[in-house]
Amino acid sequence: MILLLLTTFVSMSQNSTSSPYSYFSLGDVQNVAYGRNIAIGGTGYGVRESVYLNLKNPASLTAIDSLSMLYETGVFIKFTRNSTVDGDSKYLDGNISSFALGHRYNSRLMAAFGVMPYSQIGYSFLTSKYIEGEVSTVFTQWKGSGGINKMFYSLGLKLNKNFSLGGEAGFYYGPIIKSRTTTIAAEPGSPTTYTENSQYHGFSFKGSFQYSAKLDDEGSRLVLGGAYSPSYRLSGISDIAIYQAYDAVSVLTYTNEEKAEKIYLPSSFGGGASLTLKGKVMLAADYEMARWSINPNLSENKYVDQQIYSIGLERVSRNSRNFFEKCSYRVGARYDSGYITYKNVAVNDLRFTLGMGMPLRNSLSTVNVAFEIGNRGTLSRGLMDENYSKITLTFSFHDYWFMKRKID
Amino acid sequence: MSMRIIISLLLSLIMFSSCEFDDADQIYDLGNDFIIDPTRVIMVDTLTVNTFNTRIDTFHTSRVNRFLLGMTKNNYGIETYCESYFRIAPDPLADIEETSRFDSIQLILHLDGYHTGDTTQIGEFEVYRLVEDILVDPVTEYLYNNQQFKVEEVPLGRFTLNLNRVITDIDVPTDSVAVSIDPALGQELFDMLVAEKDSILENEIFDKYFKGICIRPVKGKSSFVFGINAKPDTLSSPKLRLYYSDKRYLYDDFVDFPIENEYRNTKGVLSTTYPNYNAFVHITNNYQGSLIESLSSSEDILSSNSTNNVSFIQAGMLRTRIEIPYIDDFYYLGTGTIVSAELFMEPDENNSLEKADLPSQLGMSLVDHKNRYFSPLYVVGSTQKGAIGVLNYNDEFKMKTYYSYDITSFVKDEYDSNAIPKYALMLHLPYDYKYPNVDQLVIGNQASDVNELRLKVYITNY
C-alpha cells in the first residue's frame, strides 16, 4: 500500500498531457471525475453508490454503509492529436490517475483521503515573431511540465435516512516548470533560455450535501446533491534562471527567486441529480460553475467563468451467474465551456464517455474501464484543434478483499 | 477473475504508465499570435563606437626572415622608412690558390615579393659597411625597430630598383639584385683569403674585421618599401660574392660570404637556434605633417574625429583603439542578456593595400587605459581566443569589403559589470601576418560618409 502511495507521488510529477493549452494558468484542470464517475460523463453530485467512492460529492460517502475500507486507484493512457492549420502532431501520455482510500468511523461518519492530480502541464511548441529593429525572425520554443496535485481528506456525515452532509479539505502542491528558448534566426548558435520553476501550494475547502429519496420498493430512487467551494489562492516561489548559449557554451546570466504569479482557485458551485429506475438504470445530470474570472486577466488572454454540463446513464449491475449480466454499462457526455479565452475564443471541450464496471468474483470489488473521446479548441483564428481519446482503468477494492487476504 | 491476476495486472499497469510516453520534443509552430511572447528581442546597431589612433614606439624586428628597404608616404602624410642590418660570415671551405686573381665583388639580394607604396617610381639604395658592432639587447636578446648602428661615410655600393622591371648589373634572375661593391673591399678580402686564410675563416676574427652591412634607401629617391629574403643558409640568402680567376689553370670561380647563420649569444654560447639573431630591420614612421602628428607617445590617444574620420593600423607601429562607452545604456531596455555583438568595419579606399592584399584576419586584444596589453578576447565561457576579424570580401555588390568581429564577450562583460569600463579593444594586424611589413590599413569611423563602422548587438529582454 505504501509502495503504491509512493509510486503515485513519484509518477504524478510526470507529464500527463501534451497540449499548448496547458501553458496558461494551472494547465489542464482535471476536474472531470475519478473512478466510475468518468464513464457517466463526470456526473457525481447526485450520485450515490455503495461500492464506489464518489469524490465529487463527499456527502455521498455515507452511502457506503457495509464496508469499513475501500481503496481506489487508476491509471490512464491518453492519445492526443493536435492539429493546427500547418499540420498535426500526435502524442501518447500515460500516468496514474488517482489514489483514494475510504474508511468508516461509524455508521454515520465515513471518510476518504487520497491524492489526485488537480492540473497537468505538458507542452512543447514554437512561436515566431520579428526582432525589434530588424526584419529578421525570432523563434521561441515553449516547454512546460509539472502540475498541481491535490491531497484531500473528505468526510461524509449522515444526518438522517435521507440527508447527508459532506466536507473536503484539500492541500494543493506541485511544481509548474516552464521554459522558453528564444533563438534569433540570424544567430542560431546563441539561444537564450528563460526557465521558471515554481512550487505552488494552497488549501481549499468544499462543503456539500446530498438528499436521497426512495421512490418505490423496487429500487427507484431520486438523489439530489450540491457542493460549494470558496475561492482559494495558490502561492509559491519561482526560481527564475536565464541561460545564454554562446555556441557550445551555456552561461547562466541571471538567477532570482521571486514570488510566483498568484493563481486563484475559483469559487465553484454545482448541483446535480440522479434518478434510478427500478434498480436497473440510473440517469444522472450535473451542472457546475467555476468563477475563474476572479483571476486577473493575462496580457493576451482572458479568464472567464467556466460552466460544465454533464449527463450520464448507467445500466446497473445485476445479480446473475452471467458475467456480462453482472457488469454495469455506462455512457455519458460532458461539455466544458473552458476558463480561458484565446483571441476572444473560448476553448471549450466536449467529450463522450463510455464505460464498463466488471465485478471481481466473490467480492464487491470492481474493475472499471472508461473510454473518453473528445475534442477541444478550434482551428479558426490560428488556434489549435485537439482531439483526444483516453482509456482509464480504475480498480475499486473493498474491505472484503482485504479480509480475504488476512485469511490467506 | 483471480485476485492475483488483478494485483499483477494493476502493478504492471502502474509500472507501465509510470514510463513516459509523451513525445514532448515534438515541436509545432503556433505562429506569433497564440500567446504573446514577453521576451523582447532587440537589434541595436546605433550604439556609439569611438575609435582612436595610437602608436607604438618600439617593437623587436630581429630574428625575422625578411629585410625591408625603402621609404613610402601614405595619403595622410605618414612617412615610413626602412633600412636593414645584417652580418656576414666567411665560407670555411673557401680555398683560393695563390695563382688566382681578384676580379669583382657583388652583394646578391633576392626579392621576396613583398612591396608597398608607389612602385611606378625607380628606387635608389645604398650599401654601407658598419663601423659599429651589432649588439642585441642583453636582456631580451632582441634588436628593435628604432635602433641604428654607425656606418662608413662612403657607401660600398649603390643600386637602383624598378620593381616593374628589376634592373641588374649582370644577367641573374629578375627576382634578385646583384649590387656592385667597392673593389677595394673585394681586393682586401681576397688578399686576406689568400694570405691569412686560417685567421679570416674564424668567425670571430672576421666579425671584428667586418662588422656587418647596412642597406638603406637614398634620401628622397624611394617611394616604395620592398622585401628581401633574409633567411640564412638558403640559395636565396643575402651574400657577398667574390669573383676571381686563375690565369694559370684557366678558370673563373667565386667564393661567398653569406649572411651569418651561427652566432654567439649573450651568454657567449655558439648557437644557430634563432635565424638572424644579429640582423634586424630598422623601421620608423615620420608623423611630422601628418594627421597624427600630435601623437607623442604610446600612451597617447587621438580621436579619429580629428583625423579625417579615419584611424590607422600598421604592423607594429599603429593600432586603433576602440571604445564603446554606452553599453550600459542597454539597461534602459530592461534587464536582459547580450546574445551577440558583432563589429563591422570597412577599410578606407586610401589604405596602402590592394583589396586582394588585405589581410584575411585582423587581431584584437584588450588593453588598459594606457594602451597596455591586458588579455586576448576570449570566446564567452571559454579560454578559446575569440575575436578574429574576418575579412568579408565582396566585389560583386557595391564593392562591400569589410571586417567583421565577434566581440560578444567584451560587450557582455561590460554589460554585466557595474563598474566604469576599464578596458578597451585594440585593433591590430595579426602578429604572424607576413611579418615584418609596413602595411597600413585605414579604417573609417562612425562619422565617415564612405566607410561604415557599426556595432550590431542582439539583446533579449525578459
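Me: How do the residues lining the second largest pocket divide into nonpolar, polar and charged?

Reply: Ala, Val, Leu, Ile, Met, Phe, Trp, Tyr, Cys and Pro count as nonpolar, Asp, Glu, Lys and Arg as charged, and the others, Gly among them, as polar. Here the lining has 17 nonpolar, seven polar and eight charged residues. This is a predicted model, where local features need pLDDT of at least 70, side-chain atom pairs count only at pLDDT 80 or more, and totals for chains, interfaces and linings use all residues. Residues are numbered from 1 along each chain as written, chains are lettered from A and ligands numbered from 1 in written order, and side-chain values use heavy atoms, without hydrogens and water.

Me: What is the volume of the second largest pocket, and which residues lie nearest its centre?

Reply: Rolling a probe the size of a water molecule over the atoms shows where empty space is left. On a 1 Å grid over the protein atoms alone, a pocket is an open set of points where a 1.4 Å probe fits, with protein on both sides within 12 Å along at least five of seven lines; lining residues have an atom within 4 Å of a point. Points are joined across faces, edges and corners, and a volume is the space filled by probe spheres set on them. This pocket has about 640 Å³, and Tyr23(A), Lys178(A), Arg180(A), Glu196(A) and Glu261(A) lie nearest its centre.

Me: And how many residues line the largest pocket?

Reply: The largest pocket, of about 920 Å³, is lined by 38 residues. They divide into 10 nonpolar, 15 polar and 13 charged.
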